[in-house]
Amino acid sequence: MAESESQEGNYDNRGNKVEIFKTDMEELTEKMEKQTVCAAQMAYDCVAIRTDPDLQNAMQHLKDVFLICKEQMEKKWQDVLME
């Protein structure tokens, strides 16, 4: 009698483990799908940048302007701290 109850407990435990495994696999599959989409977008962006020189120039211009703006903000911040 105790043996059959033990076997039922093992079966229920095994069923729970299977459900947890399925859930984990679904989550991992979803994460892999998202990573695949991100990788595809990155590859597309790399191809677009390499084949369109205007886009590369525009990106460089944005980077330069950002750095100038950052430098100005740091100077202003230092001025505020000095006051």
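I take a disulfide to be a pair of cysteine sulfur atoms within 2.5 Å, and I note that such a link is a covalent bond between the sulfur atoms of two cysteines.

I am working on a predicted model, in which local features need pLDDT of at least 70 and side-chain atom pairs count only at pLDDT 80 or more, while totals for chains, interfaces and linings use all residues. Residues are numbered from 1 along each chain as its sequence is written, and side-chain values use heavy atoms, with hydrogens and water left out.

**Cysteines.** I searched the whole structure for disulfides and found zero.

**Overall.** I count two helices and zero strands in the protein, taking both as DSSP runs numbered from the N terminus (helices H or I, at least four residues; strands E, at least two). Buried residues make up 0% of the 83 residues. The protein exposes about 8,100 Å² (Shrake-Rupley method, 1.4 Å probe), and carbon and sulfur atoms supply 60% of that area.

**Nonpolar patch.** Which residues make the nonpolar surface patch of about 330 Å²? I find I49, L55, M59 and L62, where a patch takes residues with over 30% relative accessible area and no salt bridge, nonpolar side chains being joined within 5 Å; a salt bridge is a side-chain nitrogen of Lys or Arg within 4 Å of a carboxyl oxygen of Asp or Glu. Helix α2 (residues 53-82) gives the largest share, three residues. M59 lies in helix α2 and, at 44% relative accessibility, counts as partly exposed.

How values were computed:
Buried means under 20% relative accessible area, exposed over 50%, partly exposed in between (1.4 Å probe, protein chains only). Patches are made of residues with over 30% relative accessible area and no salt bridge: like charges are joined within 9 Å, nonpolar side chains (Val, Leu, Ile, Met, Phe, Trp, Tyr) within 5 Å.
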